[in-house]
Amino acid sequence: MKTLSELRTSFVAAREIAKEASPSRAKEAAALIGEISQHCKELYEIAETYMERARCRNLYESIDNVIELLNRSGFCNETVAAFFGLSKGKGASFSEISSGAATILREEPPASVEDPAAMMDAPAEPVFPRGKAPSASKKLSTPPPASAKPFVSPPPAAPAASDFPPAPKPANGGNTRPTPAASNAPTGTIPKQTEDDMAPKSLDEFIGQAHIIRRLKEELEAAKSLGIRHLDHILLFGTYGLGKSTLMRLIGEALGVEYIFMDCTSMKNDVKSRHSFENFMIKASERNAPVVIGMDEIHKLPEDIQSNLLTLLESRIYNYVDQDGNSKNLYFPEMTFIGATTDYNRVLGTIKDRCSNLMFFMTDYTREEMTRILVNKLAVMGMTAVPEVLTMCVNRSRSSVRDIVAYVKGLRTKAVIRKTTVVTLEMAEEYFRERGLDEIGMNETERKILDIVANDPRGSISADAIAARLHMDPRTMAEAHEPFLMKLGFLTVTSRGRGITAKAQDYLKYGYFQYDDGFTIGSKPQLGGDGTPAPAEPAPVEPAPEEPAPEEPAPEDPTPAEPAPVDPTPEEPAPVEPTPAEPASVEPTPVEPTPVEPAPVLPVDPILPVDAEEAPSTALPYPNVL
C-alpha cells in the first residue's frame, strides 16, 4: 500500500500529462491514477464502518470510470478534463469525488464509434467548453469546492491530504480513522447514487442467509480447484423480498461467467409463451460459453415447459420442437441453472430431484440483520438515521429487503428536500403516514380486510366476498395482501372461508402485537377472571388519591374510644357470676330433713310397739284412741 505522499505525486504527474493532452500518453496517465484506485480498493477491504466503505467504493469506481474513458477516447472527453480540474465541463473533479460530494458514472461508448481504439491513434486536441485549454499561467476560472485546495499551475500544487482516503490504522493505534460523520458530505449534499449502488457487489457483502452463503462459497472454491466454471443446478425457495434474484446474480459474478435472467411471471400455457421461452434458450446457447441461467418464479412455467427442462438439468441439452415440427437440440457445455420460486408445491418433483444437492430454503431476516441492511443502504446513499427511525423501518419491513430499499429511497427524498443527511423521527413519521403504513407495515387495504372478517357475524367469510366488498380482483387480494396477513398470523384459511385469529383481535382492539423474536408493540390489558379486561389498570390508580382521605376521620377515632373504657365496667360483674355456685353447696342442707321427720314421730307414743317402718304407712297416728 502506497503512502499519501506517493499518491499525491502520482496524481500530480497524471495531471501534468493531462495538460499536454497527448493521445500517446493517455495510458500512462491512466496507470498513474490507477495506483490511487488500487489504494482505495485496499482500504475498502479493511474499512471498519459502512460510511468508510461507501466512500472508498465511490472513489475507486469513479477513478475506474475515468480510466475507461482515457483508454477509450484519450483526453478528448469533458469528464476527464473535469476530473483533472482543467475544465468545468460535465463531471466532477477529483477533489469533489474524494470529499464524497459527487461521483463519476460509467459512460457507454457512442453508437457511431465502431473502433474506439482508433481514436487513440488520431491526433486530437483536448475538448474544453470554451474551445481551448486554460492557460498554464492562470488559475482555474471556477475554483474547486472549499473543502479541497485548488490546483494552480505553475507550479503544480499537490492535492491536499484530505483528498485521499485515510491510511490504514497502524498496530500501535497512533493514527485514527475519521468517524462516519467526519467522512460525510457537507450538510445537504447527498451523493447521486442509484438503486443498483445499494445492491451487494459480492457474496461477502450479502447480509443474512448464512446457511446458503456458506455452502455456495464451498461449491465455488471446489469448482475453482477443479478448473470448471459451473456448479450443480440450484433451486431457491422463499417469500417475496428475501433477495433471490440478487443471489442468482452474485453466483454468476462469483463464477466469472455471463449471467442471463428470465422472469417467468408472465408465462402462460399458450403458444406465444412457449415460443418466447424457446427463443430465450436459443439466444443463451448461441453464446457458446459458460453461462448462468437464472429463472425467477419458475413455478409460473406451464408443466410441459417444466418437463422440457429435465434434459437440460440432466445432460445440459435442451430439446424442443420448432414450428415446422422438427426436433431440435441446444447444447450448453458449461451451464449453471438457478431457479427461484415462492411456491414450492407448484414446481415439478422431477426438477426438485435434479436440484436436490443445492436446494435452499431462504429464511426471514432477523431484526439485527435487517438493521444492518438498512444502515448499509443508508450509508451508500450518504445518509444516517437516528435509532428510532431504524426501529420504525424494521418493524414495517415485513422481513423484505425490497421494502427496505423502498423506505431508503423515500426517506432520501425527505432528506434532500430538507437539505440534510440525517433522517429524523419526524421525517420518518411523515413518510409512513403519507404511505398509509401502520406500526407493523399493514396498509389501508389490509386493515379493511381484517375489519370485514372480524365484523362478519358467521365468523368466517369467503375470499370472493371479501374481494367484492373491496371492489378488488380476488387474485390480487390472494397474491398481494393475504400472504402478509397469514404470515402475521392474523388470517386462517378453512373450507368455510377466511377467519380471524385471537392475535389479530388483540391488535385491532388494543394495538398489541408480538413479533417472533419477542419484540412487542403496544400493550395488552390484564384480563379478569371472567375473561374481560379487568379494571386492574384503573384499580392501582384509584387508591392513590384516597390515601390522604383517612387523615380526616383520624380525629373521629378517639371519640368512639371513650366508651371503650366503659365496656370493662359492666364486665366486672362477670366475676360475681361464681356466687350462684354457693347454692350448689346449700343443696345438701335440704337433703337433711330425712332425719328431722322421724324426730317428732318416735317420741310421741312410746307405749305402742310400732316399728319405725310401719308408722308412716298408717293413715292415723293413734288408731286405738277411737
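The following legends describe close-up views of a predicted model.

**View 1. Packing of helix H19 against helix H20.** Two packed helices are described by the angle between their axes and the distance between the axes. For H19 (residues 463-470) and H20 (residues 474-488), the angle is about 95° and the axes lie 9 Å apart. H19 is therefore roughly perpendicular to H20.

**View 2. Residues in the contact of H19 with H20.** On the H19 side, the contact is made by Ala463, Asp464, Ile466 and Ala467. These residues meet Pro474, Met477 and Glu482 of H20. By class, the residues of this contact comprise 5 nonpolar and 2 charged, with no polar residue.

**View 3. The open sheet of 5 strands.** The strand order is E2-E3-E6-E1-E7, and the pairing is parallel. From one strand to the next, the twist averages 15°.

**View 4. Pairing of strand E1 with strand E7.** Strand E1 (residues 234-237) runs parallel to E7, and 4 bridges join the two strands. Within this part of the sheet, Leu236 stands opposite Phe360 of E7.

**View 5. Helix H9 on the sheet.** Helix H9 (residues 210-226) packs on the sheet, where this helix touches both E1 and E7. The direction of H9 makes about 160° with that of E7.

Technical notes: Residues are numbered from 1 along each chain as its sequence is written. This is a predicted model: local features need pLDDT of at least 70, side-chain atom pairs count only at pLDDT 80 or more; totals for chains, interfaces and linings use all residues. Side-chain values use heavy atoms; hydrogens and water are left out. Axes are lines fitted to C-alpha atoms, for helices over the stretch in contact, and angles run from 0 to 180 degrees between N-to-C directions. Angles under 35 degrees count as roughly parallel, over 145 as roughly antiparallel, 65 to 115 as roughly perpendicular and the rest as oblique. Contact means heavy atoms within 4.5 Å. Ala, Val, Leu, Ile, Met, Phe, Trp, Tyr, Cys and Pro count as nonpolar, Asp, Glu, Lys and Arg as charged, and the others, Gly among them, as polar. Two strands pair if DSSP finds at least two bridges between them.
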